[in-house]
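Please look over the fold below before reading on.

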Amino acid sequence: GKSRFHATARGELFDTILNTPFSIFMTHLGNYGNDRLALLLFRETFDFIHSHTNLKLSTVPPKQMADEYFKLFPKEASLPLWTNPCSDPKHKEIWATPVDCSQIPDFVVVGPQKTGTTALHAFLRLHPAIKSNKNHPKHFEELQFFNGAEYELGVEHYMNFFPKKKPNIQTFEKSATYFDSGATPERMHRLLPDAKIIVILIDPGKRAYSWYQVSSK
């Protein structure tokens, strides 16, 4: 009713604005299920702020807001952690383009380098029920998404390297540089929480000698 409406405008919403230095409001009706009361609620709240407080509200472009926000919270300036868009039906619904959840790999070979990961990748691709990602223009069979600059390009960029799976097909990627990357574990867990991780461990001496042979050429 009317009393509840005023209580929200002058209570809960007002308290949120009062205690939050940066607020982002999406004002087109689609975000509120075409509920016209939503816009009226914001108008009521802003009128209350103007008439009963000394707070000064201002509207700024997104870039300016981002700059000011990260000045205040510098620790949050790092790249976001992409999560699996298929983990919640609501996430899929708000994506700008349709998401095909079959384009998320089932397992990842993470290295380390000089342990036979390239050979394993080649052998796995011989199996008719296993498919790999498309070759990367720079890294060949390796995507190096989770530890490289392309991570900021987002989930769709990553998923587009994988084929749309048919029933009883497994997909995977191999990037040997993931093993010694500090950023990779959390990024991979957020995006691929159900993926199997394959690590190849060999005698450290043999691996060091193999690395030496490659480096000395």
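Predicted model: local features only at pLDDT ≥ 70, side-chain atom pairs only at ≥ 80, totals over all residues.

Which residue in β3 does Lys-131 stand opposite? The answer is Thr-171.

Four strands make an open sheet in the order β2-β3-β1-β4, and their pairing is parallel. The edges belong to β2 (130-132) and β4 (196-199). Each edge strand has a single partner, so one side of each lacks a neighbour in the sheet. From one strand to the next, the twist averages 30°. In general, strands of a sheet pair through backbone hydrogen bonds, either parallel or antiparallel.

Strand β3 (residues 170-174) runs parallel to β1 (residues 107-111), and three bridges join them. Val-108 has Glu-173 as its bridge partner in β3. For Val-109, the bridge partner in β3 is Lys-174. Strand β3 also pairs with β2, again over three bridges and in the parallel sense.

## Cover on the sheet

How many of the five residues of β3 are buried? Four are, and the strand is mostly covered. Helix α5 (residues 117-125) lies across β1, β2, β3 and β4. Its direction is at about 160° to β3.

## The disulfide

The model has one disulfide. It joins Cys-86 to Cys-101, with the sulfur atoms 2.0 Å apart. The angle about the S-S bond is -105°, and the link is left-handed. Cys-86 sits in the loop between α3 (62-72) and α4 (89-93), while Cys-101 sits in the loop between α4 and β1, so the pair ties together parts 15 residues apart in sequence.

Cys-86 has a relative accessible area of 23%, so it is partly exposed. Cys-101 is at 28% and is therefore partly exposed as well.

## Aromatic pairs

The count of aromatic pairs is 15. One of them is formed by Phe-14 and Phe-48, whose ring centres lie 5.3 Å apart. Their planes stand at 90°, so this pair is edge-to-face. Phe-14 belongs to helix α1 (residues 2-18) and Phe-48 to helix α2 (residues 36-52), so the pair ties together parts 34 residues apart in sequence. Both Phe-14 and Phe-48 are buried.

Elsewhere, ring pairs build a cluster. Its members are Trp-82, Phe-145, Phe-146, Tyr-151, Tyr-158, Phe-162 and Tyr-178.

## Glu-44 in helix α2

Helix α2 also holds Glu-44.

Take His-6 as an example: Glu-44 and His-6 are 38 residues apart in sequence, yet their C-alpha atoms are 7.8 Å apart in space.

Notes
Residues numbered from 1 in each chain as written. Heavy atoms only, no water. Phe/Tyr/Trp six-rings, centres within 6.5 Å; stacked < 30°, edge-to-face > 60°. Helix = DSSP H or I, 4+ residues; strand = E, 2+ residues; numbered from the N terminus. Buried < 20%, exposed > 50% of the residue type's maximum accessible area, 1.4 Å probe, protein only. Pairing = 2+ DSSP bridges. Axes fitted to C-alpha atoms, helices over the stretch in contact; angles between N-to-C directions. Contact = heavy atoms within 4.5 Å. Disulfide = S-S within 2.5 Å.
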